Amino acid sequence: MSQAVNAAQPGSRMTREERRVLAGTLVGTTIEWYDFFIYAQAAGVVLGPLFLAPVAKENPGLSQVIAFATIGISFLFRPLGAVVAGHLGDRLGRKRMLVFTLILMGISTSLIGVLPTYAQVGILAPVLLILLRVLQGFSAGGEWGGAALMSVEHAPVNKRGYFGAYPQIGVPIGMILATFTLWILTSVMGSAFNEWGWRIPFLLSIVLIVVGYMIRRAVEESPVFKQLQERQKESSAPLGQLFRYNFKEVALTAFIFIANNAAGYLLIAYFATYAVGALKMDRPTVLLATTLASFGWLVFTLWGGMLSDRLGRVRTFQIGYAFLALWAIPMWFLIDTKNIVWYFVALFVMTLGLGLSYGPQSALYAEMFPAKVRYSGVSIGYALGAILGGAFAPMIAEMLMNEFKASWTIGLYIAVTAVISLVAVSLVKETKGVDLHVAEAHTEYVREHPEAAR
């Protein structure tokens, strides 16, 4: 019997390898998303004037929209990263792809820190910036699926939600690191941050990548992938089989993720920009409040994963999205008071809905796909959901404000996405406890798709 099956016995203590897997997925994902989010934060603060100088001078509002659009451009390349990393991950292993995406993200982020600005090289500056954003998007597309599967496939069957929450909490931790770094630098450096200090958080990625690389290299390959290697003939064309037999699951995973990703990217990239720009609140104070509110996202995400081990994945998602839909509009009236305490409360309460609709995601997605197409399925579904959800959410929010001059319209936009995702997750049959291993999963897969066995 496999290592994962042995570990699945209720009441078993966490093994050293399981602890190493949790550390590897958490640290690696945190570093990946710090890299990704530091750009999203900087886009709302300084990148528009530096890389889009002519537009920023003539039309600052349009410059801000374009800066937010560069966040979305990277999402368009996530599916490509998901396809490549998913296909190779299903063939070569989760571990190799995790190390590869970590290094690619680190290199791309560090290079942004040394880019010349528009004043130095003209139009070449935004072109190079967008190119590096494309590489970041490609890397992010392959990162999440591998980290999610490494954690879930190593997990005891009764703790998959808990184990799967570890790569998930890497996202809010990355958000906290990015926002906290910007808060320190803007507080200490003042105007010098806009001139050259903005490069520091990008260059810090070099140190983080070394740490993450050492930790991830120490993690063993997923036991489920080891089983796949033993039955290599069954995975001769995983990507083709994914779209032929599991298109419904890919579509559902994409729609399930829309609302969480859209609301998450408003927290990451828009709220602070809106508070500082439109409401004229103090930037360092707003960044600190945003950082503190993000701790709610961390705690509620971990709780959401644990809760799904008791209530089920679907029910936990439903509670999270119902709450998000109800809170999406009222929170803007708190933010518009221009009071930093109410600003913090609005964001912190929203993270309850974010956490409950994010913590169970790794376990739910892994349990929705058979082993031989699992990496491809979860990665592509996640990437497509990110395009439909968060890719252009900050840009859409800025356009809604420019058009209607009413922040509650942004809340209405989030509420609509929450309803869409709530319907999508409600169409999924509860997955908690299904067998993830190759032999049993293959038998069930062939029973449902007999033509796949030929």
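Buried here means under 20% relative accessible area, exposed means over 50%, and partly exposed is whatever falls in between (1.4 Å probe, protein chains only). The model is a predicted one, with local features needing pLDDT of at least 70 and side-chain atom pairs counting only at pLDDT 80 or more, while totals for chains, interfaces and linings use all residues. Residues are numbered from 1 along each chain as its sequence is written, and side-chain values use heavy atoms, with hydrogens and water left out.

As for the overall make-up, the protein has 24 helices and 0 strands; both are DSSP runs numbered from the N terminus (helices H or I, at least four residues; strands E, at least two). Contact means heavy atoms within 4.5 Å. Among the contacts with a separation of 6 or more, 87% are accounted for by residues 24 or more positions apart.

Next comes the nonpolar interior. A nonpolar core is a set of buried Ala, Val, Leu, Ile, Met, Phe, Trp, Tyr and Cys residues joined through side-chain atoms within 4.5 Å. The largest one holds 110 residues, and F37, I71, Y270, F271, I335 and Y343 touch the most other members. Helix α15 (residues 247-277) supplies the largest share of this core, at 17 residues. Leaving aside residues up to four places away in sequence, I335 touches F271, Y274, L279, Y343, A346 and L347. Another core, of 8 residues, lies apart from it and includes L26, A155, I169 and L298.

Y274, one of the residues touched by I335, is found in helix α15. Y274 is buried, with a relative accessible area of 6%. Its contacts, again not counting residues up to four places away in sequence, are L279, W332, I335, D336, M401 and S407. With S407 the sequence gap is 133 residues, yet the C-alpha atoms are separated by 9.4 Å.

Now for the helix pairs. Two packed helices are described by the angle between their axes and the distance between the axes. Axes are lines fitted to C-alpha atoms, for helices over the stretch in contact, and angles run from 0 to 180 degrees between N-to-C directions. Angles under 35 degrees count as roughly parallel, over 145 as roughly antiparallel, 65 to 115 as roughly perpendicular and the rest as oblique. A crossing is left-handed if the near helix is turned anticlockwise from the far one by less than a right angle, and right-handed if clockwise.

Helix α4 (residues 60-76) and α15 have axes that come within 13 Å and cross at roughly 150 degrees. The two are therefore roughly antiparallel to each other, and their crossing is right-handed. On the α4 side the contact uses Q64, F68, I71 and F75, and on the α15 side N261, Y265, A269, Y270 and T273. That gives 6 nonpolar, 3 polar and no charged residues.

Helix α23 (residues 408-426) meets helix α22 (residues 393-404) with axes within 8 Å, crossing at roughly 140 degrees. That angle makes α22 oblique to α23, and the crossing is right-handed. From α22 the contact draws on A393, I396, A397, L400, M401 and F404, and from α23 on T409, I410 and Y413. The count here is 8 nonpolar, 1 polar and no charged residues.

The axes of α23 and helix α17 (residues 313-327) also come within 8 Å, but cross at roughly 165 degrees. This makes α17 roughly antiparallel to α23, with a left-handed crossing. V314, F317, Q318, Y321, L324 and A325 of α17 face I414, A415, A418, S421, L422, V425 and S426 of α23 in the contact; 10 are nonpolar, 3 polar and none charged. L422 counts as partly exposed at 25% relative accessibility, and L422 and F317 are 7.5 Å apart, C-alpha to C-alpha, across 105 residues of sequence.

Back to the loops: K280 sits between α15 and α16 (283-311) and has a positive phi of about 60 degrees although it is not a glycine. K405, in the loop between α22 and α23, likewise has a positive phi, near 55 degrees. K405 is exposed, with a relative accessible area of 64%.

Definitions and conventions
Nonpolar A, V, L, I, M, F, W, Y, C, P; charged D, E, K, R; others polar.
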